[in-house]
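Here is a short tour of a two-chain model, written to be read with the structure open beside it.

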Amino acid sequence: MNIGGNMIWSALLGLLLATPSAALQDGPVAIKAGRIITVSGEEIDGGVILVREGKIAAVQKGLEIPWDAKVLDASKRTVIPGLIEAHTFRGVDRANERMPSVPFVSSFDSINPVDPYFEDALRQGITTMLVLPGNDTMIGGQGCVVRPTGTTTEAMLVARDVALKISLRPRPGTSRMAHLAALRRELDEAAESVKERSEKKDAKASPEQDVKREPMARLLKGVIPAFVYCPTASDVHKAVELAETYKFRMKLVLGPDGWKAADEIAKRKLEVVLAPELTYWETDEEKHEEVRRFGAGPFAKAKCCFAFQTDGASYGTSYLWFQAATGTKYGLTRAEALRAITLGPAEILGMGARLGSIQPGKDANLVILTGDPLDGQTWVDMVLIEGKTVYERSKDERLKRALGKDGAR
Amino acid sequence: MRIAGVLLLLAVFGVAAGRSPGAVTAVRTARVHTVSNGVIERAIIIIEDGKIRDVRASGEIPEGATVIDASIQVVIPGIIDAHASLADSGRDADETIAQDVRAADGIDYYASGRRMLAGGVSTLYVTPGSRRLLTGQGAVVKTAGRGPAGRLLAASHGLRITLGEEPKNPPALFKPPVSASSGDPIRPARSQYPASRMGQFAALRDAAAAPGPLRDGKHPLMVLAHNADDLVKAVLFAGEIGRPIVLLDAEEAVQVADLLAAKKVDVIFNPAYAPGHRDVADEARPALEATGTLNGPLLLEKAGVRFALHAPSDGDTRDLLFIAGAAVRNGLSEEAALRAVTLSPAEILGVAKRVGSISPGMDADLVFLSGSPFAPSTTVDRVMVNGEFVYERREADVITYRPIRERAGKDILAIRGGRILTVTQGILPEGLILVENRKIAYVGKGRPVPHEARVIDASGLTAVPGFIDFHSHLGFHMDRTETALRRGRVGGAAGAIGVPPSKLVRLDDPVYRAVAASGVTSILLAPDSAGACSVVKLSGEKAAVVRELAAVKLTVQGGTSGAQSLRDLLQKARKYHDEWEAWERAQKEPARPAPAPTSETGKPPDPISGAWKGTLEAPEQNIKAEFSAEFKLEGTRVTGSFQSQAVGGQPEPVEGTFENGELHFERSQQGSKVEATMKLAGPDHLKGTWKALIPPLELKGTLECRRSAPAAAPEAGASKAELKEPRKDESLEIYRPVFRKEVPVIATARDLPAIETAARILREEFDLDHVLLGGEDAPYAGDLLASKASGVALGPDFLQERKGARLNSAESLAAQGVPFAFHSSGFSSTRTLPLTAAYAVRHGLDAFDALRAVTVTPARLLKLEGRLGSIERGRDADLVLLSGDPFSMTSRVRYVIIDGSIVYEAK
């Protein structure tokens, strides 16, 4: 009896949800939302989001729904912008090359569309991520912005080779000083070759383009930024020195104690991706006791643009919403925490005009939740990317199997 | 008083920390050592924007200035350690020449410098790498300050070059191209210079000819080298390429001091003394070679070489002021010593316009001391860097461990202006010590000096007993002697050495006399692992053996297996001891006829045979003494021995009869006669009278005794014929004096379980006197140790660090009444034993406790207090005369006297 009842219910649900999703592919869609967290502006209780051609056309309380719009009833749900991961090296086979300087490699060649990371990201409401090489290689290569849906890398691609990864973490067995010296040598060489090439261009010699050096040239010409991994706070100072010496744009990827350099970072208005471990224990030598440090507070206080990131190391830190919730636990405001997983990372990707908030004109990357985004009991019910439904919990077979017959309520 | 001061300072701290641009701060001080411009009493320092604006003896305090009251404190410039290897510089690049590596890249600018600040060190010179020839550019950096901007004084200063063995034979370089092609092929690994000193200088010449900081920059060469030969070669090379040069470490700079002075070469000198550690020099070189460095600074000063002192390792940086104090103790003036850790390094490092002295325009990096820089218990109370307080001494920095119970009031002993510190009988302000026949014949005042006496005018000096090092390897010359010793050992317990070390060292080894100059007069010479130990005096031409077998060393592990193996060893030793005692006793007994063949086995034991103990009295002479006796009854004839303090103390054979329940025995020898008559007052109980004639004395009185052990049953082989001579075992032989309680056991017990195991088993199960060695946890077992009458021996590493705070084991043991002695555990570091005690005083130990720990306590623990450890009538005349308090850094050793002869006299 019980089993039968459940089967009927799931069939019914499937029917209900299948109908609009098919229709969403074309024509305008109106989402009647119980609550809209726009991130960029006020939260709206009981509003409508109108989506046209993959973009948000309007967001308003009491918006008149056009006659041709398909209506998606989320009146008991909360709608937030799609979450954004500003720095990850998951979703690939191996994150690092062994050679210390490989600017010419690209995560494009490595991204695996069927990697469980992407599937799980979608389940968590992440709609955009920058996949970069890992932290072990000095000049690690280029990264791509992708969406976690599609069967080929091309289909997933939002923007290709948009950033170069540089790591200030010395390889095991080398010192920081030797690492920095080697990095300076690489940058000197690249700067030299840029200079040479510009001189030859004038002579119209049109030499073969050195594809291997191209990424470094694009970095030094300011076309793409570097994402510089600074495992300790002291590395920030060195990153700044490098960026100023070689005149490149830079975003920082910090280690747990990066907050110690928050003043310096704020002074230069640098954008930062915080370490996945937002809190850690440190011996306070003044008081001779262990204290818990929270890495985001000083950045919020200094009004820096910062983003959280995830790792697969533990259950909690694998999820962006969990990172934001942790942030509020240790003193961030709700708005600051939410911004650090939406608009903050969008700006760090240079896509602040297109992603990260629910505003007319932006991509219709929307996540429909059963409750508050920072509540551990909330489920992601549905995800839309550029207006298309790409995830529905009711159809999430793997989730259902994982939770058993009573799960996914 | 001090705590009140700190609290007061904390109140001020809040105000001073909030610095805003243009704010003026005025510091009132008791005294300022400007270093550049002498000492100013009651000086006022005016600080603005993190810089010193003025320092003057008195005058108006500017209006609106925040006033910091340090009027009970002495202010010196922030201390500079001119050679630290902070950051992760332990790892080097592969390249033998790596000019573009910068130390500034390896520094953590946000790290807490509290440990160094606690020693007043506010600036460091950091160089990269240590195992390659030219490892890159150094940096001058502060230990506190806001981020890199606040801390970096010079991002790039000096090219670090290392000579000697370390940089020889670097690895081959292998650099594959990013993607190999015909134009960019993979090349085989390239070998590198240098394998020899020829190669070192060839590689340096190559580097000096190639583009790079060495050819194009203005860096001085910072050359680290140890031996005189390398130092000279480096100076010549610098001259050749026209570069200034600074020598680092340079332990042998003293030998070429004149050359260095002539060429104006600066030295950042390694005094090779690290307080709180076993002697660093010991690990690298034989004892005598290293004895010269403590007075190195003095010799450099005399030669006119500009030098800075640096701490031998990063861990010692915070003790740099104490290390400078050690140079003062070895003859350097206080002024020069302070300069060597402030202004001189600042000048050598090219940052003297910002740090190193207290004068207008300098960074406000100030150290606030509780007293004079080299006074015995001066502490760093607070430190200011860039005008902000970055360190405050806190109570939490010192662990004072006390068991939880009612605290008794702490005795406070004031020692002031003392002349004779007798240790056991107080202080004589102006006294006289008479030495006769190698012994102290008189201590006191008011006796005329015999006209034939040789007189040392000790007015103004302080006399203390010669110091005793409770555990030393002096004369072993690293472990070669012990290896020989092991080879010579004869069977026995694992690792134990049965031969007394005094037989294995050369007693005429000159190290003994050299070390005596430090004030150490006796040492317990011990093997590193286990076995016999000897007490030796560092006297004259030849060391004198005080006691050949003075202690037995063994190792105790905690836990059940540790306890069991200790028990096994001691049971074996006790059995061995008992067998031999029985055998030797039997040998002393006079021959007796074989037992009658008719004796029956079922016969009841006779009432007399066996061991007796009791007391005797002679009321007229007021004598009351204990005696012991052994009797053997055969028919009516009684033989045996009698022993009592009243009649000579030695066991004497006696003969007599036992008839009708009455025992009569006597002994006569050379005109003296002792006899006694006793009746059985009950089973095993004799009572009677005695008399003795020992001309001119005549004694008589009563005596009474009880049988403590009946005679062994006849079948147990009581007869001499059946007692077999036990086999001799050298490694167990040494335990016999231990079981006779003539010498202690020295038990190495490294942790709390081991300490508890050792104290319990040694005392409860075997009742052996013992001293625990190497137990860091000893303070935590204070109650147990006190109840088991255990002693503790503390090495130079008695100061432990727990989460950044420091526990002074010596101080904690003193507070709990556990006797402890200091030791050096070193080959040549015995000479730093007084400094170890001084270091303990510096860290809170009462000076008198420290003195006892190097004099009477080790003597008592070794059961030699009748000869050593105090200035008392009848003791050996081992004396040290100092210019001041024994543990003050400004005191100098003037005379060392051993067995009445002068073995050292300061010139």
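In this predicted model, Glu581(B) and Arg736(B) form a salt bridge through their side chains, with N to O at 3.1 Å. Glu581(B) sits in helix α15 (residues 559-588) of chain B and Arg736(B) in helix α17 (residues 736-739) of chain B, so the pair ties together parts that are 155 residues apart in sequence. Are the two partners buried or exposed? Glu581(B) is partly exposed, at 22% relative accessible area, while Arg736(B) counts as buried at 5%.

Another pair in chain B is worth a look. Asp363(B) and Lys51(B) meet in a salt bridge at 2.6 Å, N to O. Here, too, distant parts of the chain are linked: Asp363(B) belongs to the loop between α12 (343-348) and β16 (366-369) of chain B, Lys51(B) belongs to strand β4 (residues 51-56) of chain B, and 312 residues separate them. Asp363(B) is buried, with a relative accessible area of 2%, whereas Lys51(B), at 32%, counts as partly exposed.

Asp769(B) also has a salt-bridge partner, Arg763(B), with the closest N and O atoms 3.1 Å apart. Arg763(B) counts as buried, at 16% relative accessibility. Elsewhere, salt bridges with shared partners join Arg438(B), Lys439(B), Lys537(B), Arg867(B), Asp876(B), Asp878(B) and Asp899(B) into one network. Over all chains, the count comes to 79 salt bridges by the rule used here.

The pairs named in this report, including one that joins the two chains, can be set out as follows.

| Salt bridge | N to O distance |
|---|---|
| Glu581(B) and Arg736(B) | 3.1 Å |
| Asp363(B) and Lys51(B) | 2.6 Å |
| Asp769(B) and Arg763(B) | 3.1 Å |
| Asp105(B) and Arg184(A) | 2.9 Å |

Let us stay in chain B for one helix. Which residues of α9 (residues 296-303) are buried? They are Gly296(B), Pro297(B), Leu298(B) and Leu300(B). Their cover includes α7 (257-263), β14 (266-269), β15 (307-309) and α10 (320-329) of chain B. After α9(B) comes Gly304(B), which has a positive phi, near 85°.

Over in chain A, Glu271(A) is found in the loop between α7 (262-267) and β11 (272-273). Its side chain makes a polar contact of 2.6 Å with the side chain of Lys251(A). Leaving aside residues up to four places away in sequence, Glu271(A) touches Lys251(A), Leu252(A), Cys305(A), Glu347(A) and Ile348(A).

Now for the interface. How many residues of each chain take part in the contact between chain A and chain B? There are 28 from chain A and 35 from chain B. Together the chains bury about 2600 Å², of which 51% is on carbon and sulfur atoms. On the chain A side, Met177(A), Glu285(A) and His288(A) lose the most area to chain B, together 28% of what that side buries.

The rule finds three salt bridges across this interface, and eight residue pairs, both at pLDDT 80 or more, are in polar contact across it. On the side of chain A that touches chain B, the elements giving two or more residues are α4 (176-202) and α6 (233-246). α4(A) gives the most, with seven residues.

How values were computed:
Residues numbered from 1 in each chain as written. Chains lettered and ligands numbered in written order. Predicted model: local features only at pLDDT ≥ 70, side-chain atom pairs only at ≥ 80, totals over all residues. Heavy atoms only, no water. Contact = heavy atoms within 4.5 Å. Buried area = accessible area lost by both parts, 1.4 Å probe. Salt bridge = Lys/Arg side-chain N within 4 Å of Asp/Glu carboxyl O. Polar contact = N/O pair within 3.5 Å; in protein donor to acceptor, adjacent residues only side chain to side chain. Helix = DSSP H or I, 4+ residues; strand = E, 2+ residues; numbered from the N terminus. Buried < 20%, exposed > 50% of the residue type's maximum accessible area, 1.4 Å probe, protein only.
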